[in-house]
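Welcome! Take a moment to look over the structure below, and then we can walk through it together.

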Amino acid sequence: MMELAVIVVALTLGAALAVLLLDNLLAAVAAASAVSLGVAVMFVLLQAPDVAMTEAVVGAGLSGLILALALRRLGLARLDVPVSGENTDA
Amino acid sequence: MRDLATLLFLGGLIFLLAAITGSLPFGHPPMLVGQAIQQVAAPEVGATNFVTAVVLGYRGLDTLGELSILFAAATAGGLVLGGVKSRGRAKAAPAAGFILRAGADVLFPLLLIAGLYVVIHGHLTPGGGFQGGVILAAAFFLPLLARPHESLSHTWLSVIEGLAGAAFIALGLVAMFDGAAFLTPLFDKGVLGELVSSGSLPLLYLAVGLKVGAELASLLMRLAQDDGAAS
């Protein structure tokens with residue numbers, strides 16, 4: 001249990017660091033979602049499943065989606081590797 | 001300069017947290033309220049999920065406040081993002097790839113079932129109207145992401161949202177006409193742990209789930225639809 005918690009905290013902190021350091025904004029949004037996912041797992045370990053569900057659904061799912069859609073609206077959602085025919089005019 | 005301000009803010013935050021945690025008897029919280037609710041909630045409210053018992057049974061008014069905050073936020077978002085003018089611009093949206101289209105087709109029924117399950121079993125298992133509502137919104141948004149040309153009707157979403165919100169308040173008012181306080185759980189409590197139990201709590205959570213789902217689906221649609229307008 002304790003080891004699992006330490007691993008989850010390490011992953012969460014790593015993802016949080018990735019949010020700051022990543023140049024690709026879309027990847028940073030994904031990393032922010034990963035932070036929320038780690039926090040949700042921590043809530044499960046702390047026996048708060050209700051809060052964990054809210055965190056997973058809102059933090060990891062909805063806010064990531066809203067941030068990604070906002071990036072698309074602002075024209076900042078560019079993938080480094082151009083995918084042929086897709087997302088080129090985003 | 002900005003880095004310095006950030007550093008100062010972070011230092012102050014850490015100091016505050018350290019001061020608070022230093023003064024708390026950590027690991028030995030006097031959980032009097034929690035213990036009291038654990039003893040009282042099951043016979044009084046009839047819900048096996050005590051969080052629901054608190055959120056809807058004891059503190060229904062707070063949930064109504066939460067709903068109004070979400071409503072205000074979604075309305076403000078809709079105002080800022082403007083009306084629906086997607087007809088002309090829908091052409092600009094790029095076609096989705098095969099993986100997204102197939103994934104949306106596979107995930108839509110699963111998300112729908114998961115969302116409905118979480119909403120309907122809110123008084124029995126962890127979860128409830130808010131969580132299930134967000135899952136429902138995601139379920140209805142995913143097909144739109146895969147097929148940018150189609151769209152849900154904003155009118156219907158507003159109708160569902162309004163009716164669900166009105167149903168929540170109406171359930172509270174019915175309790176008031178019965179002589180109890182606003183949003184007191186109605187009906188028979190039933191057998192603890194059964195699907196149809198704990199009075200009006202499942203109905204309240206159904207209203208919350210529909211309202212949150214319709215609200216967020218409409219907000220996500222606004223955000224996704226006329227993209228390309230700003231860029």
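## Getting started

A residue is called buried if 20 or more other C-beta atoms lie within 10 Å of its own, exposed if 12 or fewer do, and partly exposed in between, with C-beta atoms placed from the backbone. By that rule, 33% of the 231 residues of chain B count as buried, and buried residues make up 28% of the 90 residues in chain A.

This is a predicted model, in which local features need pLDDT of at least 70 and side-chain atom pairs count only at pLDDT 80 or more, while totals for chains, interfaces and linings use all residues. Residues are numbered from 1 along each chain as its sequence is written, with chains lettered from A and ligands numbered from 1 in the order in which they are written.

## The two chains

Helices (H or I, at least four residues) and strands (E, at least two) are DSSP runs, numbered from the N terminus. Chain A has three helices and zero strands, while chain B has nine helices and zero strands.

Two residues are in contact if their C-beta atoms, placed from the backbone, lie within 7 Å. Among contacts in chain B with a separation of 6 or more, 72% come from residues 24 or more positions apart. In chain A, 44% of the contacts between residues at least 6 apart in sequence join residues at least 24 apart.

Helix 1 of chain B covers residues 2–23. How many of its 22 residues are buried? The count is zero, and this helix is hardly covered. The expected span of a helix is 1.5 Å times one less than its number of residues. Helix 1 of chain B reaches 32 Å from its first C-alpha to its last, close to the 32 Å expected.

After helix 8 of chain B comes B:G179, whose phi is positive, near 100 degrees.

## The nonpolar core

A nonpolar core is a set of buried Ala, Val, Leu, Ile, Met, Phe, Trp, Tyr and Cys residues joined through C-beta atoms within 7 Å. The largest one here has 55 residues, and B:V134, B:A137, B:A217 and B:L220 have the most contacts inside it. Both chains take part: helix 2 (25–45) and helix 3 (49–74) of chain A are among the elements that each supply at least two residues, as are helix 7 and helix 8 of chain B. Helix 9 of chain B gives the most to this core, with 16 residues.

Leaving aside residues up to four places away in sequence, B:A137 touches B:G213, B:L216, B:A217 and B:L220.

## Where the chains meet

Between the chains, 17 residues of chain B are in contact with 19 residues of chain A. Helix 7 (129–146) and helix 9 of chain B are the elements that give two or more residues to the side of chain B that touches chain A. Helix 7 of chain B gives the most, with five residues.

## How confident is the model?

The predictor's confidence in each residue, from 0 to 100, is called pLDDT. Chain A has a mean pLDDT of 83, and 87% of its residues reach 70 or more. Over residues 85–90 of chain A, pLDDT stays under 50. Where pLDDT is low, the predicted coordinates should not be read in detail.
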